Amino acid sequence: MKPNAPPRLSWSGKEQALAGRGAPVAARPEEWVAENGQGRFFHGDNAAALETLAEANAGTVTLAYMDPPFLTNRTFDAIARPDGDAPRSGPLKARPRKLAFDDRWDGRADYLASIGRRLVLVRELLAPHGCVVVHVDPKTSHYVKVLADEIFGDDAFASEIVWRYRRWPSKTPNFQRVHDVLLRYRKDPKAKPRWNTPYEPLAPSTIATWGTTKQRAVFEKDGRRARSSSTDEPTKGVPMGDVWDIGVIAPISRERTGYPSQKPEALLERLVTALTDPGEIVLDPYAGSGTTLAVAARLGRTFVGIDQSDVAFDVAAKRLAAGGIRLAKVGPGVGTREPGRTRRTA
Ligand SMILES: C[S@@+](CC[C@H](N)C(=O)[O-])C[C@H]1O[C@@H](n2cnc3c(N)ncnc32)[C@H](O)[C@@H]1O
């Protein structure tokens, strides 16, 4: 290693894995397009889909949101939701369950090899002003951070967002885990980033002292800040920090699809609004129930979703249809489906 070289992760087979050499060849994903032209869905392995996309779409994506499984070494079931006006409460155990996805791995290196390969491919697809947000948990975030530093470059790291939520407390002799970690990397740190400043409300102590109108800083002749003066303009709040308090989806919420580890729309709304403009492309290679796709479509962005799970595809397609977006299959076998695929691929 060169003197002063930044620290990097090392494991056997890392270079081949990141370059996609030696991985079993995955079937070409089925492609579905939104009939209104607002997006696409690839049903199949995301590495294969990202490789296909890179052939004609390199440099076009403004935001990629990656929400991979969290290395829990277990499988996840989707729980059927009552349709229409049927009651949304009732015993969860009684509802039909179906395997949604498999999060079992041959150790941490196997997991990191998979994430690393996807990061390399996603980077190719990003526009110079674009960025990726990788959603992980505190057990893997530090490994993924070091890996992403290597793939994107240390100076491309933009933020670590802490998503703080409240949930039913567990009886563990430890501090309750109530946050996830979202790591944001820019494609090109020299390019002007896409950025629409989000605001959060003023602190009660600030409102008590200054009220809810904009304050203007007053400077001395020598440039030193002297004081603030009040204006009549109402304030938008303060520019958003990197700790976000957003509730998890309530069990009886209309938003809940029954898909495991579904993320709240409010989280995606914040990311999509801040990091893209209308008309730009939002990519989600781990689309799950289609949260990102539904939010992107609603906010007038173009979506590209990928997921290999049959259950995810069904749930996401249904969710998009509820928002008026119907998916049509591209190529041979229009309207047909392949047998269930839920196991992860390398
Ligand atoms: C944590 S869930 C995503 C949840 C999603 N953000 C939501 O709000 O519903 C992870 C998803 O990644 C998918 N997945 C995992 N590995 C994949 C792979 N190699 N290719 C495609 N999809 C994959 C799983 O099927 C699962 O739906």
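## Terms and basis

Two strands count as paired if DSSP finds at least two bridges between them. Helices (H or I, at least four residues) and strands (E, at least two) are DSSP runs, numbered from the N terminus. An example of pairing is found in strands β1 (residues 30-34) and β2 (residues 39-43), which run antiparallel and are joined by 4 bridges. Within this pair, V33 has R40 of β2 as its bridge partner.

The model is predicted: local features need pLDDT of at least 70, side-chain atom pairs count only at pLDDT 80 or more, and totals for chains, interfaces and linings use all residues. Residue numbers start from 1 along each chain as its sequence is written.

## Domains

The domain assignment of the protein chain, with bounds taken from an automatic or database domain assignment, gives domain 1 as 26-86 + 93-198 + 240-329 and domain 2 as 200-239. Between the C-alpha centres of domain 1 and domain 2 there are 37 Å.

## The sheet

An open sheet holds 10 strands with mixed pairing, in the order β13-β7-β8-β6-β3-β14-β15-β2-β1-β16. Its edge strands, each pairing on one side only, are β13 (243-245) and β16 (327-329). From one strand to the next, the twist averages 20 degrees; axes here are lines fitted to C-alpha atoms, for helices over the stretch in contact, and angles run from 0 to 180 degrees between N-to-C directions.

Strand β8 (residues 179-186) pairs with two strands of this sheet. With β6 (residues 126-136) the pairing is antiparallel over 6 bridges, and V136 stands opposite V181 of β8. With β7 (residues 157-164) the pairing is antiparallel over 7 bridges, and S159 has R184 in β8 as its bridge partner. Of the 8 residues in β8, 6 are buried. A residue is buried if 20 or more other C-beta atoms lie within 10 Å of its own, exposed if 12 or fewer, and partly exposed in between, with C-beta atoms placed from the backbone.

## Helices

Helix α6 (residues 265-275) lies across β3, β6, β7, β13 and β14, at about 155 degrees to β3.

Helix α2 (residues 46-57) has N46, A47, A48, A49, L50 and L53 as buried residues. The elements that cover these buried residues include β2, α3 and β15. After α2 comes G59, with a positive phi near 75 degrees.

## The loop between β3 and β4

F70 is placed in the loop between β3 and β4. F70 counts as partly exposed because it has 17 C-beta neighbours inside 10 Å. Neighbours within four places in sequence aside, F70 is in contact with D103, V136, D137 and T140; two residues are in contact if their C-beta atoms, placed from the backbone, lie within 7 Å. F70 and Y111 are 41 residues apart along the chain, and their C-alpha atoms are separated by 9.0 Å.

L71 is also found in the loop between β3 and β4 (74-79). The phi of L71, a residue other than glycine, is positive, near 60 degrees. L71 counts as buried because 21 C-beta neighbours lie inside 10 Å. N73 belongs to the loop between β3 and β4 as well, and its phi is likewise positive in a residue other than glycine, near 55 degrees. With 13 C-beta neighbours inside 10 Å, N73 therefore counts as partly exposed.

## F303 in strand β15

F303 lies in strand β15 (residues 302-307). F303 counts as buried because it has 26 C-beta neighbours inside 10 Å. Residues up to four places away in sequence are left out of its contacts, which are Q38, G39, V282, T292, L293, A296 and A297. F303 and G290, 13 residues apart in sequence, are 10.0 Å apart from C-alpha to C-alpha.

## Around the ligand

The ligand is surrounded by 21 residues, of which the closest are Y286, G288, S289, T291 and S309. A residue is near a molecule or strand if its C-beta atom, placed from the backbone, lies within 6 Å of it.

By class, the shell around the ligand has 7 nonpolar, 9 polar and 5 charged residues. In this grouping, Ala, Val, Leu, Ile, Met, Phe, Trp, Tyr, Cys and Pro count as nonpolar, Asp, Glu, Lys and Arg as charged, and the others, Gly among them, as polar.
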